[in-house]
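Here's a quick tour of a protein model for you. Have a look at the picture first, then follow the notes below it.

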Amino acid sequence: MTDTLDYAALLAPALEEARLGFAEGGVPVGAALFDAQGTLLGRGRNRRVQDNDPSVHGETDAFRKAGRQTNYRDKILVTTLAPCWYCSGLIRQFHIGTVVVGEAENFSGHLDWLRAAGVKVVVLHNAECIDLMRRFIRQSPEIWNEDIGECDCDGH
């Protein structure tokens, strides 16, 4: 049962992925998908910059690497940052039951939309997640704005 799991411990592989992404010059969002017992199924990171692929967000990377599951209602998606619309859509599409968020301070995501769909949302307010994203936004605001769809959209 997920209520007995240590969510902060489940954050570790996602945070490790976020650190790797930051070191690679990418958006430092890491994620991991677990089963209800806390067994790691897949982990990944935002690689939009590294792979020149706008669809590789941390959550989608972890989801893909977990492979096909027959049911997602009992799965736990752990992410270092509150999910964007794209990743929130993935969570709702596949009825992922629990989302654990490292931080929602730098980006609040769409947690209420997930809750409204019956997703259990746990926000950890992890200081390292907050600091890592804050440093990235300060260092690379243009990439951050592109990632969240806030570009100036004039083609430059």
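Let's start with valine 29, which touches Ala18, Gly44, Arg45, Asn46, Gly58, Glu59, Thr79, Thr80, Leu81 and Met133, leaving aside residues up to four places away in sequence. Touching, or contact, means heavy atoms within 4.5 Å. Before going on, note that this is a predicted model: local features need pLDDT of at least 70 and side-chain atom pairs count only at pLDDT 80 or more, while totals for chains, interfaces and linings use all residues. Residues are numbered from 1 along each chain as its sequence is written, and side-chain values use heavy atoms, with hydrogens and water left out.

**More on valine 29**

- You'll find valine 29 in the loop between H1 and S1; helices (H or I, at least four residues) and strands (E, at least two) are DSSP runs, numbered from the N terminus.
- Is valine 29 buried or exposed? It's buried, with a relative accessible area of 6%; buried means under 20% relative accessible area, exposed over 50%, and partly exposed in between (1.4 Å probe, protein chains only).
- Valine 29 and glycine 58 are 29 residues apart along the chain, yet 5.5 Å separates their C-alpha atoms.

**The sheet**

- Five strands make an open sheet in the order S2-S1-S3-S4-S5, and the pairing is mixed; two strands pair if DSSP finds at least two bridges between them.
- Strand S2 (40-45) and strand S5 (120-123) are at the edges with a single partner strand each, so one side of each has no neighbour in the sheet.
- On average, neighbouring strands here are turned by 15° against each other, direction ignored; axes are lines fitted to C-alpha atoms, for helices over the stretch in contact, and angles run from 0 to 180 degrees between N-to-C directions.
- Helix H1 (residues 7-23) lies across S1, S2, strand S3 (76-79), strand S4 (98-101) and S5, and runs at about 140° to S1.

- Five of the five residues of S1 are buried, so the strand is largely enclosed by the rest of the structure.
- Gly30, Ala32 and Phe34 point one way from S1, while Ala31 and Leu33 point the other way.
- S1 (residues 30-34) pairs with S2 in the antiparallel sense, over five bridges, and glycine 30 has arginine 45 of S2 as its bridge partner.
- These two strands, S1 and S2, form a hairpin with five residues between them, and glycine 38 in the turn has a positive phi of about 90°.
- S1 also pairs with S3 in the antiparallel sense, over four bridges, and here alanine 31 has threonine 79 as its bridge partner.

- Which residues of H3 are buried? They are Gly58, Glu59, Thr60, Asp61, Ala62, Phe63 and Ala66, and they pack against S1, S2, S3 and helix H4 (85-93).
- Two packed helices are described by the angle between their axes and the distance between the axes.
- The axes of H3 and H4 cross at roughly 35° and come within 9 Å.
- Glu59, Thr60, Phe63 and Arg64 of H3 make this contact with Tyr86, Cys87 and Leu90 of H4.

**The cavities**

- How many cavities of 30 Å³ or more does the structure hold? There are two; on a 1 Å grid over the protein atoms alone, a cavity is a set of points where a 1.4 Å probe fits but cannot get out, and lining residues have an atom within 4 Å of a point.
- The largest cavity has a volume of about 100 Å³; grid points are joined across faces, edges and corners, and a volume is the space filled by probe spheres set on the points.
- Its lining has 14 residues, and those nearest the centre of the largest cavity are Val29, His57, Leu81, Cys84 and Asp147.
- Helix H3 (58-66) and helix H7 (141-147) each supply at least two residues of that lining.
- The second largest cavity has a volume of about 30 Å³, and its lining residues include Leu15, Ala18, Pro28 and Met133.
- H6 gives the largest share of the lining of the second largest cavity, with three residues.

Notes
1 Å grid on protein atoms, 1.4 Å probe; cavity = no way out; pocket = protein on both sides within 12 Å on 5 of 7 lines; lining within 4 Å.
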